[in-house]
Amino acid sequence: EEPLENRFEAGNAADVLEAWLPVGAYDALLTGIPEEITLDAAGGFDVATAIVRIHESASSMPALDSPVYVAAHSGMTVTEGEKSELSLTPEDIRQILRLTVTVADGRITSPIEATLDGVAREVILATGEPVSSATLGLSLPAPGAKQTSRAQAGILGIVWPRENESATTTGNDHLLTLTWQSADGKKQTYSEEVSEQLFRPSQSGADTLDLAV
C-alpha cells in the first residue's frame, strides 16, 4: 500500500536493496531510462508514467536514441515465513520510426528537417498505453545519389484517438511536414497526412514503423 523506492547508482551492478516487507501483495516496476525521459510515479504503480522531456526553447520533442528499459509485475504475494522470489527482465519499450524521403531529380540538395504530429510523449509504464502526444522533430541529410534521404528515431509509440477505429477517421492527427532550403535560399515546405501508413504497424505492436514519402 505504501511505495518502496530505491535508486541504484548508475553502472553499479552490485547494488542490493534489502528490506523487510510486511505480509501482503506488492507491485514491482523496474526501469532504466535515458536522460531524455522523466519518471512520474507519484500516483502509484497503475499510473506511473515515462515522459519525454522537451526543452523550453524547442518546438518539438527529441528522438530517443537510447533504450527505455521497463519491467513490470503486479500482485506478488509476500507470505510470513516463506521466501518470495521475483525475476524481472526489462525490455526496451521504444518503437523505431524509419523515415524515407524520395525526391524528384535535383529538386532538393540541402538537408531536410521533418516534424511528425501525434507521437507519444507520455506512456503508462505498466501497460505501455500512451497518455499524451507531441510533435517529433527529425533531421535528414541531403538526398544522395539516388535522390533518397533517410533517418530513424526511437519513439514511445503513436497516439490514436480512442474513439476512432481506423485510420480513415483520424483526420490530420499524424501530419508529416518537411522543410528545406532551395537553391535560391528560400524556405520550402511539403506536408502529407501519413495516418494510413502508420495505423496497422503501430496497432500490431511492431518494433519498427516504416514511413515513406
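Predicted model: local features only at pLDDT ≥ 70, side-chain atom pairs only at ≥ 80, totals over all residues.

User: How many aromatic pairs does the structure hold?

Analyst: The structure holds 1 aromatic pair. W160 and F199 form it, edge-to-face, at 4.9 Å centre to centre with 90° between the planes.

User: Which parts does that pair tie together?

Analyst: W160 lies in the loop between strand 9 and strand 10, while F199 is in helix 1, so the pair links parts that are 39 residues apart in sequence.

User: OK, helix 1 then. Which of its residues are buried?

Analyst: S195, L198, F199 and S202. Looking down the axis of helix 1, those buried residues fall within an arc of 115°, so they line one face of the helix.

User: And what's exposed on the other side of helix 1?

Analyst: E196 and R200 are exposed there.

User: What covers the buried residues of helix 1?

Analyst: The cover includes strand 6, strand 7, strand 11 and strand 12. Just after helix 1 comes G205, which takes a positive phi of about 80°.

User: Tell me about L198. What does it touch?

Analyst: Leaving out residues up to four places away in sequence, L198 touches L97, L116, I158, W160, H174, L209 and L211. L198 and L97 are also the residues with the most contacts inside the largest nonpolar core, which has 39 residues.

User: Where do the residues of that core come from?

Analyst: Several elements supply at least two residues each, among them strand 6 (95-102), strand 8 (130-140), helix 1 (195-203) and strand 12 (208-212). The largest share, 6 residues, comes from strand 7.

User: Switching to strands. What does strand 7 do with strand 10?

Analyst: Strand 7 and strand 10 pair in the antiparallel sense over 4 bridges.

User: How many bridges does strand 10 make with strand 11?

Analyst: Strand 10 and strand 11 (residues 187-193) pair over 7 bridges, again in the antiparallel sense. In that pairing W180 stands opposite Q188 in strand 11. The two strands form a hairpin with 5 residues between them, and G185 in the turn has a positive phi of about 90°.

User: How many bridges hold strand 1 to strand 4?

Analyst: Strand 1 and strand 4 (residues 69-78) pair over 8 bridges. Y26 stands opposite M76 in strand 4.

User: Last thing. Where does Q147 sit, and is Q147 buried or exposed?

Analyst: Q147 is in the loop between strand 8 and strand 9. Q147 is buried, with a relative accessible area of 15%, and the cut-off for that label is under 20%.

User: What does Q147 touch?

Analyst: Not counting residues up to four places away in sequence, Q147 touches V101, T102, V103, A104, D105, G106, R107 and I108.

Note on methods:
Residues numbered from 1 in each chain as written. Heavy atoms only, no water. Core = buried A, V, L, I, M, F, W, Y, C linked by side-chain atoms within 4.5 Å. Buried < 20%, exposed > 50% of the residue type's maximum accessible area, 1.4 Å probe, protein only. Contact = heavy atoms within 4.5 Å. Pairing = 2+ DSSP bridges. Phe/Tyr/Trp six-rings, centres within 6.5 Å; stacked < 30°, edge-to-face > 60°. Arc of directions from axis to C-beta.
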